[in-house]
Amino acid sequence: MTLFSAHYTYEGHIVRTVITGGAGFVGSHLCDRFLAEGHDVICVDNLITGTTANLEHLRSNPRFHFLHHNVCDVLEIDGDVHNILHFASPASPVDYLRHPIPTLKVGSLGTHNALGLAKFKKARFLLASTSEVYGDPEQHPQREDYWGNVNPIGVRGVYDEAKRFSEAMTMAYHRFHNVDTRICRIFNTYGERMRLDDGRVLPNLMGQALRGEPLTIYGDGSQTRSFCYVADLVEGVYRLLFSDFHEPVNLGNPNELSILEFAKEILNLTGSPSSMSFNPLPQDDPKVRRPDIGRAKQLLGWEPKVAREQGLRRTLEFFRGKVQATAGAARS
């Protein structure tokens, strides 16, 4: 695969890449990557769950531009646009249960507007979809040809169905308008710049361990997840964007473990004396989650490289700083 140099141009022009949701956890890492590859990056975010703190280190970069905008409203960008990565959406249960209507809107109206911009600019388009389109799966591991087991009227449906709709719209724009589209289905991803309060299992457990609080386990902890470090995910997204494949591609780490096993890893890593607190399972919580990444391996030559222990140590240092800063602010 050809990686573009810092002076990469497209037909004599500097490449301009739009990243919606670019102030979020994954989006901000994508901003970093595309800037490193020599692109001009336009980050579009309404900051409903993202934060400009994730972009502070880019403030002085003349090739980085931040647009405070809700992509559910018409998105207009002056000049050429060559790539659009649509990552705008609340992505954790806490966030999309707090913002159910905006979640549905960004998956429908937001996707429509981003695709409309791609059509108008003749830009390459990549949709950030999710493993949640598989619901509580009856096929394991999950392959891209599995249609899923989703409760459309359950509390998680606002996110699951928004993403399923956004995939359908993306394929419709590809088939009917010949827009050059890609779809990545992202499995559990972790790393620096996650919010401690975003409600996902890793920040929940790691934050509780660092504060010496009981670790919250839902059900008996036998449900499984697989965790991909953010740098690996970003590499997969980058390769997919510059591939010629238009149907969904799973991006995640197939190394699966139970939540109870994961909690024990966190306790061992942090040296925390925390106990475990068992609570009822949330409605429609998936019992298993593991990607089949055969398609990504074959098409992109991609698979995760960062071992979980290594990625968790990096993430722990980030969260430790956040916990210490929060404790210091509370004392002052």
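Axes are lines fitted to C-alpha atoms, for helices over the stretch in contact, and angles run from 0 to 180 degrees between N-to-C directions. The views below show a predicted model, in which local features need pLDDT of at least 70 and side-chain atom pairs count only at pLDDT 80 or more, while totals for chains, interfaces and linings use all residues. Residues are numbered from 1 along each chain as its sequence is written, and side-chain values use heavy atoms, with hydrogens and water left out.

**View 1. Packing of helix α3 on helix α4.** Helix α3 (residues 100-121) packs against helix α4 (residues 157-177) at an angle of about 15 degrees, with the two axes 9 Å apart; helices here are DSSP runs (H or I, at least four residues) numbered from the N terminus. That angle makes α3 roughly parallel to α4, the class for angles under 35 degrees, whereas those over 145 count as roughly antiparallel, 65 to 115 as roughly perpendicular and the rest as oblique. The crossing of α3 and α4 is right-handed, meaning that the near helix is turned clockwise from the far one by less than a right angle. Contacts (heavy atoms within 4.5 Å) join α3 residues including Pro 100, Leu 104, Gly 107, Thr 111 and Leu 115 to α4 residues including Val 158, Ala 162, Phe 165, Met 169 and Tyr 173.

**View 2. Packing of helix α1 on helix α6.** Helix α1 (residues 25-36) and helix α6 (residues 230-241) pack at about 60 degrees, their axes lying 10 Å apart, and α1 is therefore oblique to α6. The crossing in which α1 passes α6 is right-handed. On the α1 side the meeting residues are Phe 25, Val 26, His 29, Leu 30, Arg 33 and Phe 34, and among their partners in α6 are Val 230, Leu 233, Val 237 and Leu 241.

View 3. The structure holds zero disulfides, a disulfide being a pair of cysteine sulfur atoms within 2.5 Å. The sulfur of Cys 43 has its closest cysteine sulfur in Cys 31, 4.4 Å away, which is too far for a bond. Cys 228 is likewise in no disulfide, the nearest cysteine sulfur, that of Cys 184, being 11 Å away. Cys 43 is buried, with a relative accessible area of 0%, and Cys 228 is buried, also with 0%; buried means under 20% relative accessible area, exposed over 50% and partly exposed in between (1.4 Å probe, protein chains only).

**View 4. Helix α5 and the residue after it.** Within helix α5 (residues 201-211), the buried residues include Leu 202, Pro 203, Leu 205 and Met 206. Gly 212 follows α5 and has a positive phi, near 75 degrees.

How values were computed: Helix = DSSP H or I, 4+ residues; strand = E, 2+ residues; numbered from the N terminus.
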